[in-house]
Amino acid sequence: PAYNEFFSVQSSMKGLAEEERISTMTRKEMWAGLYKRFDINGISTPTYDDLYVEYNRETKMREISLYYEYRVPMFGNIDAIVTFDAPIEVPGN
């Protein structure tokens with residue numbers, strides 16, 4: 001399930017990158033767009049706190065990344081943790 005969800009997250013990130021005004025969107029606006037896509041696809045693991053937006057002055061690109069953990073209980077107090085990173089680059093403003 002973790003990898004299936006991650007493929008949907010990557011698809012959602014690609015959809016976000018294709019938004020017309022992505023270069024001027026705030027982090028909250030980006031999350032709102034992602035959240036709608038997540039709701040449609042049944043994605044529940046990533047949160048707003050997992051969304052990172054940075055501007056690279058050298059490339060003049062915005063680096064948008066969704067970095068999160070997927071935790072699965074195994075037995076007792078032992079969990080399996082898988083980390084995912086879904087980065088995209090878009091033109092900066």
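This report describes the fold, the aromatic pairs and the charged side chains of one predicted protein model.

Residues are numbered from 1 along each chain as its sequence is written, and side-chain values use heavy atoms, with hydrogens and water left out. Because the model is predicted, local features need pLDDT of at least 70 and side-chain atom pairs count only at pLDDT 80 or more, while totals for chains, interfaces and linings use all residues.

## Overall layout

The chain holds two helices and three strands, and from the N terminus on these elements run α-α-β-β-β. Helices (H or I, at least four residues) and strands (E, at least two) are DSSP runs, numbered from the N terminus. Taken along the principal axes, the C-alpha atoms fill a box of roughly 50 × 30 × 20 Å. Of the 93 residues, 32% count as buried, where buried means under 20% relative accessible area, exposed over 50%, and partly exposed in between, with a 1.4 Å probe and protein chains only. Among contacts (heavy atoms within 4.5 Å) between residues at least 6 apart in sequence, 49% join residues at least 24 apart.

## Aromatic pairs

A search of the whole structure finds seven aromatic pairs. Rings of Phe, Tyr and Trp (its six-membered ring) pair if their centres lie within 6.5 Å, and planes under 30 degrees apart count as stacked, over 60 as edge-to-face and the rest as tilted. Phe84 counts as buried, at 5% relative accessibility.

The rings of Trp31 and Tyr48 are also edge-to-face, because their planes stand at 75°, with the centres 6.3 Å apart. This pair links distant parts of the chain, 17 residues apart, with Trp31 in helix α2 (residues 27–41) and Tyr48 in the loop between α2 and β1 (51–56). Trp31 is buried, with a relative accessible area of 13%, whereas Tyr48 is partly exposed at 26%. The charged end of Arg27 sits over the ring of Tyr48, 4.0 Å from its centre; a charge is counted as sitting over a ring if NZ of Lys or CZ of Arg is within 6 Å of the ring centre and within 35 degrees of the ring normal. Elsewhere, ring pairs link Tyr3, Phe6, Phe7, Tyr68 and Phe84 into a cluster.

## Salt bridges

The whole structure contains four salt bridges, each being a side-chain nitrogen of Lys or Arg within 4 Å of a carboxyl oxygen of Asp or Glu. The table includes three of them.

| Side chains | N to O distance |
|---|---|
| Arg37 and Glu19 | 2.9 Å |
| Glu69 and Arg71 | 3.8 Å |
| Arg71 and Asp79 | 3.4 Å |

Salt bridges that share partners join Glu69, Arg71 and Asp79 into one network. Glu69 is partly exposed at 44% relative accessibility, as is Arg71 at 48%, and Asp79 is partly exposed at 33%. Arg37 lies in helix α2 and Glu19 in the loop between α1 and α2, so their bridge ties together parts that are 18 residues apart in sequence.

## Buried charges without a salt bridge

Lys and Arg count as positive and Asp and Glu as negative, while His and the chain ends are not counted. Glu5, found in helix α1 (residues 2–17), is buried yet has no salt bridge, and the nearest side chain of opposite charge, Arg71, is 12 Å away. The side chain of Glu5 does make a polar contact of 2.6 Å with that of Thr45. A polar contact is a pair of N or O atoms within 3.5 Å; within protein, one must be able to donate a hydrogen and the other to accept it, and residues adjacent in sequence count only if both atoms are side-chain atoms. Not counting residues up to four places away in sequence, Glu5 touches residues including Gly42, Thr45, Tyr68 and Tyr70.

Arg62, found in strand β2, is likewise buried and without a salt bridge, and the nearest side chain of opposite charge, Glu29, is 7.3 Å away. The side chain of Arg62 reaches the backbone oxygen of Ser23 at 3.0 Å, and a polar atom of that side chain lies 2.9 Å from the backbone oxygen of Met25.
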